[in-house]
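Please read it alongside the view below.

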Amino acid sequence: MAKIPVTVLVTGAAGQIGDAIVPMIARGIMLGPDQPVILHLLDIEQAAESLHGIRMELTDAALPLLKGVVATTDVVEACKDVNIAVMLGGSPRKEITLRKHMLSTNVSIYKAQALALEEHAAADCKVLVVANPANTNALILKQFAPSIPKKNITCLTRLDHNRALGQIADRLKIHISDIKNVIIWGNHSTTQYPDVNHVTFTTRNGERPVREHVADDHWLKTEFITTMQQRGVAIIKARKASSAFSAATAACDHIRDWVFGTPKGTWVSMGVYSNGSYGIPPGLIYSFPVKCEKGKWSIVQGLKIDEFSRAMMDATAKELIEEESLAKSCLE
């Protein structure tokens, strides 16, 4: 029997990431090759013509999985009955944009979108916040959409997770599919901590720890981390625009693993509601290693945290607490 269509909201759909992710969703990359979808595309009034163009392209592509498209500048219409919300919309980050300025602009945007989701989205709606500052935008959304379960509001750190896999693969000259269990702790910002202490890679003789094979502790604690923390800025400098295709790919990865589950023995990084695990203050939206099963995520427990990691994890938590405080002052 044919599956019931899933309604997917994409905010900021006329932007660069939206332009990349909309056809991915419509072709089944996010939810599978047999899952019909209805797309709700939202953007600001100034982007209405671009939205119309995207809708025309979707029609011209004759995509079998696409069962309907709503392209609108009305947030209420966009949020009606959505099952999955991919929140790309927000004040875009540019090379000279300070994070605190971006946050103050996005507070009002995410409050309005949260209120619309609260009122009109499906009860089990899964939310992925991509627009920066992603963790704090998700926290604002959680505050103003209290009926959406707190475990259903997440933010994207899968892009950082994927970037870390790419850096390790380049360093070791191995295929990225042979590496697993990197961790991104904390904020999707320059304080994030990419942790390789639990990463393994597959060899003919079984799995081996990446840290032992790299055999360069200095690189792992300096250049690797700073490259990861500054990767977004480096891409902006190179292409004069934020990451687009890689961000869209990561968002699809995030939702797909959340819905269908992570492979056995493997975890991924997701910005999720902290329950106090690993000493992180409860209530923050913080990136943890998670496993997914039957549409639900759970934080991986019992990992050994060394002194260096503890300091890095606490530093990024401190930044998130400061961002939360700033967001609250903006709301007031």
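Helices here are DSSP runs of H or I with at least four residues, strands are runs of E with at least two, and both are numbered from the N terminus. With elements named this way, Asp81 falls in the loop between α3 (75–79) and β4 (84–87). The model is predicted, and the points below are grouped by topic.

**Backbone features**

- Asp81, in the loop that runs from α3 to β4, has a phi near 65°, which is a positive value in a residue other than glycine.
- The peptide bond between Asn132 and Pro133 is cis, with an omega of about -5°.
- Pro133 sits in the loop between β5 (126–129) and α5.

**Helix pair α5 and α12**

- Helix α5 (residues 134–144) and helix α12 (residues 307–331) have axes that come within 10 Å and cross at roughly 50°.
- The crossing of α5 with α12 is right-handed.
- On the α5 side, the contact is made by Asn135, Thr136, Leu139, Ile140, Gln143 and Phe144.
- On the α12 side, Leu320, Glu323, Glu324, Ala327 and Leu331 take part.
- By class, the residues of this contact between α5 and α12 are 6 nonpolar, 3 polar and 2 charged.

**Helix pair α1 and α11**

- Helix α1 (residues 16–26) packs with helix α11 (residues 245–260) at an angle of about 40°, and their axes are 8 Å apart.
- That angle makes α1 oblique to α11.
- α1 and α11 cross in a right-handed sense.
- From α1, Ile17, Ala20, Ile21 and Met24 meet Phe245, Ala247, Ala248, Thr249, Ala251 and Cys252 of α11.
- The contact of α1 with α11 has 9 nonpolar residues, 1 polar residue and no charged residues.

**Cavity**

- Searching the whole structure gives 1 cavity of 30 Å³ or more.
- The volume of the largest cavity is about 40 Å³.
- Its lining consists of Tyr193, Pro194, Asp195, Val196, Asn197, Arg211, Leu220, Lys221, Phe224, Ile225 and Phe308.
- Three elements, β9 (193–195), α8 (217–221) and α9 (223–229), each supply at least two residues of the lining of the largest cavity.
- β9 provides the largest share of that lining, 3 residues.
- The lining of the largest cavity divides into 7 nonpolar, 1 polar and 3 charged residues.

**Second largest pocket**

- The second largest pocket has a volume of about 250 Å³.
- Its lining is made of 15 residues, and Arg158, Leu165, Ile176, Ile179 and Thr266 are those that lie nearest the centre of the pocket.
- Elements giving two or more residues to the lining of the second largest pocket are α6 (158–172) and β7 (179–180).
- α6 gives the most to this lining, with 4 residues.

Notes:
Residues are numbered from 1 along each chain as its sequence is written. This is a predicted model: local features need pLDDT of at least 70, side-chain atom pairs count only at pLDDT 80 or more; totals for chains, interfaces and linings use all residues. Side-chain values use heavy atoms; hydrogens and water are left out. Axes are lines fitted to C-alpha atoms, for helices over the stretch in contact, and angles run from 0 to 180 degrees between N-to-C directions. A crossing is left-handed if the near helix is turned anticlockwise from the far one by less than a right angle, and right-handed if clockwise. Contact means heavy atoms within 4.5 Å. Ala, Val, Leu, Ile, Met, Phe, Trp, Tyr, Cys and Pro count as nonpolar, Asp, Glu, Lys and Arg as charged, and the others, Gly among them, as polar. On a 1 Å grid over the protein atoms alone, a cavity is a set of points where a 1.4 Å probe fits but cannot get out, and a pocket is an open set with protein on both sides within 12 Å along at least five of seven lines; lining residues have an atom within 4 Å of a point. Grid points are joined across faces, edges and corners, and a volume is the space filled by probe spheres set on the points. Angles under 35 degrees count as roughly parallel, over 145 as roughly antiparallel, 65 to 115 as roughly perpendicular and the rest as oblique.
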